[in-house]
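Here are some comments for a colleague who is starting to read this structure. Please keep the display open while working through the numbered points.

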Amino acid sequence: MSAIRPATARTSLPEWRAVIDHTRTLAPQHLRDLFAEDPSRADRFSFEACGLFVDHAKQRITAETLVRLLALAEACGLESRIDAMFSGARINTTEHRAVLHVALRAPAGERIMLDGRDVVPDVHEVLGRMGAFAERVRGGAWTGHTGRRIRTVVNIGIGGSDLGPVMANDALKSYATPDLAFRFVSNVDGSDFVEATAGLDPAETLFIVASKTFTTLETLANARSARDWLVGALGTEAAVAKHFVAVSTAAAEVSAFGIDTANMFGFWDWVGGRYSMDSAIGLATMLAVGPERFGELLAGFHAMDVHFREAPLERNLPVLQGLVDVWNTTFLGSGSIAVLPYDHALRRFAAYLQQLAMESNGKRVTLDGATIDGYDTCPVYWGEPGTNGQHSFYQLIHQGTRTIPCEFIGFARSRRPLGRHHDLLMANVFAQAEALAFGRSADEVRAEMAAKGGVDESLVPHKVFPGNRPSTTILAEELTPHALGALVAYHEHAVFTQGVIWNVNSFDQWGVELGKVLATRIVPELEAAAEPPLSGHDPSTAGLIRRYRTLRGRG
């Protein structure tokens, strides 16, 4: 349990103190006891909406826990904050921006207002242009500079301009056209670009450069290398217009690069990067699965948006998930959450969720700028697909000294059925969650040993599983575009719920700025012909720069 630290505006709430009091009551109880005391527990803590079935029964909660957490949510103004987001209020206060990613998936005809203007028609104008372009590329009408059709699409972006599309393209690969291959470049490390373009024919390659301002250092470095690679092979700058498109709002910069602005797909300052995979940033996904399937993805997002806005808090899936995460992190002291999708197609989902949660809520000050000194905010999100993780880090989750809440994600049907593989896979989902919750006692270990011929007391403590390790299981019928949209929106809104309880701005990310500013300053110091003065750096950094220059022959 977290230590109780000095009071803040949040910790001084009676509802906050009521939750702390409740942790003292619940702390001694084991999940075995909670299940024994409540035969209907599985039904009581299972919820369903938008094709997702969510089982919180193996979390260390009781009905009283939810009552107190919901009271805290009401005291923190969660419902009014939800309304403010959907109504276009500038809830991103440090950047004076609205937060309207929900408009990206609103159906045509729905009205979402910002400063007196309905933004939904603008969204559908871009979607229409994306769809027309995607059909031309997919059908072969769009050709490269030499007249040959496009065979490979390379998406160049970073952060939300990479993690969302690469996750979605992996997740929906079973729906993708076989006529196009997709590769993704994000890291400014040259190896990423070299490996992504290895074996490609420039005459059949299309690059998507995704950068809102068209100034992102890493993205522009990779884009320039891509242009050099293309022009070097095809012999003319004119080829750029047929092999590059942009996802950006900076028309002048896009045009200066050589991309025809007719092939620029825009979005808006009310779309945060980590909330943008369903905007024009998702162009690679639309090219892969087609406009119709992309529309199904948007419909899944929208269904969860409607549920989040309209469902009562006590039956609201993202709200309950957010509150459970706050309960584990802030009140029970868990420092991380393991994200464990049991579907190989979701192999990048944990990385996607890392950015969504940790860039949103990895904050140390409240909305009004006060230092948070009374509670912990965002946990570390991490994970790998099952069953791979079982042979890697599950040892620590089961028998380590830390309690790590887990989120299992599974599907009743596989998109790639093979013999009995899927039943074996899903058996592990249910078995791991059960083992984490209930464990294996010393008496059970002895009984098992006795049944096999004898008890070795020296081994008993090594084979005991303490259990009482909390987990949530999310189950859907199949990993469809609709299900993926609902799953992502579910987590978006859960993260928003967390941020409201912690009283942080979930939509800025100033923490990424300082390192970028310093890197821009250091680049010319690394590249200078003569050793530059390094008095502006601390001795360690100055020493590292000198050592690097020496190793590069510039000392």
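1. Please bear in mind throughout that this is a predicted model.

2. Helix α5 itself spans residues 78–86, and its buried residues are Leu78, Ile82, Ala84, Met85 and Phe86. The cover over these buried residues includes α4, α12 (283–310), α13 (317–331) and α19 (481–502).

3. Helix α4, which comprises residues 63–75, contains Glu74. Together with Glu79, Asp83 and Glu314, Glu74 forms a negative surface patch. Glu74 counts as exposed because its relative accessible area is 54%, and the cut-off for that word is over 50%.

4. An α-helix has 3.6 residues a turn, so residues three or four places apart point the same way. Both partners are partly exposed, Arg68 at 26% relative accessibility and Glu64 at 35%.

5. How far apart in sequence are the parts that Arg105 and Glu492 tie together? The salt bridge between Arg105 and Glu492 has its closest N and O atoms 2.7 Å apart. Arg105 lies in the loop between α5 and β3 (113–114) and Glu492 in helix α19, so the pair ties together parts that are 387 residues apart in sequence. Arg105 is buried, with a relative accessible area of 3%, and Glu492 is likewise buried, at 1%.

6. A further salt bridge joins Glu531 to Arg546, with 3.1 Å between the closest N and O atoms. Glu531 sits in the loop between α20 (513–527) and α21 (539–551), while Arg546 belongs to helix α21, 15 residues away. Glu531 is partly exposed, with a relative accessible area of 45%, and Arg546 is also partly exposed, at 39%. Elsewhere, salt bridges with shared partners join Arg105, Asp278, Asp305 and Glu492 into one network.

7. Finally, please look at Glu204, which is found in the loop between α8 (190–197) and β7 (205–210). Leaving aside residues up to four places away in sequence, Glu204 touches Arg148, Arg149, Ile150, Arg151, Thr152 and His243. Glu204 and Asp508, by contrast, are 38 Å apart in space, C-alpha to C-alpha, and 304 residues apart in sequence.

Definitions and conventions: Residues numbered from 1 in each chain as written. Predicted model: local features only at pLDDT ≥ 70, side-chain atom pairs only at ≥ 80, totals over all residues. Heavy atoms only, no water. Patch = residues over 30% accessible without salt bridge, like charges linked within 9 Å, V, L, I, M, F, W, Y side chains within 5 Å. Areas by Shrake-Rupley, 256 points an atom, 1.4 Å probe, with all protein chains shown as cover. Salt bridge = Lys/Arg side-chain N within 4 Å of Asp/Glu carboxyl O. Lys, Arg positive; Asp, Glu negative; His and termini not counted. Charge placed at Lys NZ, Arg CZ, Asp CG, Glu CD. Helix = DSSP H or I, 4+ residues; strand = E, 2+ residues; numbered from the N terminus. Buried < 20%, exposed > 50% of the residue type's maximum accessible area, 1.4 Å probe, protein only. Contact = heavy atoms within 4.5 Å.
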